[in-house]
Amino acid sequence: MKIKSAKFKLSAVSLKNIPNDLPEIAFVGRSNVGKSSFINSLLSQKIARTSTTPGRTRLINYFLINESFYFVDLPGYGFHSAGKQNEKLWATLIEDYLNSSNNIKRIFLLVDIRHIPTEQDKQMLMYLSYTAKPFTIIATKCDKVAKSKVNIYIKKIADAFCITTASIIPYSIQKQGAREQILDIIEKSM
Ligand SMILES: Nc1nc2c(ncn2[C@@H]2O[C@H](COP(=O)(O)OP(=O)(O)OP(=O)(O)O)[C@@H](O)[C@H]2O)c(=O)[nH]1
Ligand SMILES: [Mg+2]
């Protein structure tokens, strides 16, 4: 699939005013794992706001792609310094979004290649499996580990998730090796 256009549509603070007209591809994962960067990399433009500090994305952000579907950038979970209250608010927002949107065609669950999945990552995976939502796991920041060790890290993540290594795609916004493969997955999900 070619990305012909990408436009910011809106930021939603609640589910009241979210669009309900087109298919959606959602991006979830821990705060700072690289969701917004991943979106920018797939779109080849800096449209989603990124930051070196966790908690950048606080709302549900919709981007209209090719005038035909949305990328949905969600706040990250597990950002403790946001304060318990905020963390709970965001967790509820993410959960409510995943439960209520009928247009989600695929969810990308992002984990950092260097870290063993957290309890929240495992809960998210269980939730996605249980609700039978189509998902793909991306191991981000793979440029941060030696090329020869990528497979070892992927195996550790797969073991923690109790899945096969084939279900995890390593990705780097610097190298963008799997970009075409991921865009194909998105196209086939519609
Ligand atoms: N080296 C490297 N850095 C990355 C990669 N992907 C993301 N980053 C960096 O990780 C940091 C966090 O990226 P974001 O895209 O803002 O992360 P996020 O998951 O959207 O974070 P929240 O919005 O806070 O949940 C930024 O400093 C990015 O430059 C990658 O593939 N390689
Ligand atoms: Mg973000």
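Q: What makes helix 1 stand out around ligand 1?
A: Helix 1 (residues 35-43) gives the most to the shell around ligand 1, with 3 residues. A helix here is a DSSP run of H or I, at least four residues, numbered from the N terminus, while a strand is a run of E, at least two. The model is predicted, so to speak with care: local features need pLDDT of at least 70, side-chain atom pairs count only at pLDDT 80 or more, and totals for chains, interfaces and linings use all residues. Residues count from 1 along each chain as its sequence is written, with chains lettered from A and ligands numbered from 1 in the order written.

Q: Which residues of helix 4 are called buried?
A: Y153, I154, I157 and F161. Buried takes 20 or more other C-beta atoms within 10 Å of a residue's own, exposed 12 or fewer, with C-beta atoms placed from the backbone. N151 and I152, on the other side of helix 4, are exposed.

Q: Why does the span of helix 4 agree with expectation?
A: The expected span is 1.5 Å times one less than the number of residues. The 12 residues of helix 4 (residues 150-161) should therefore span 16 Å, and the end C-alpha atoms are 17 Å apart, which agrees.
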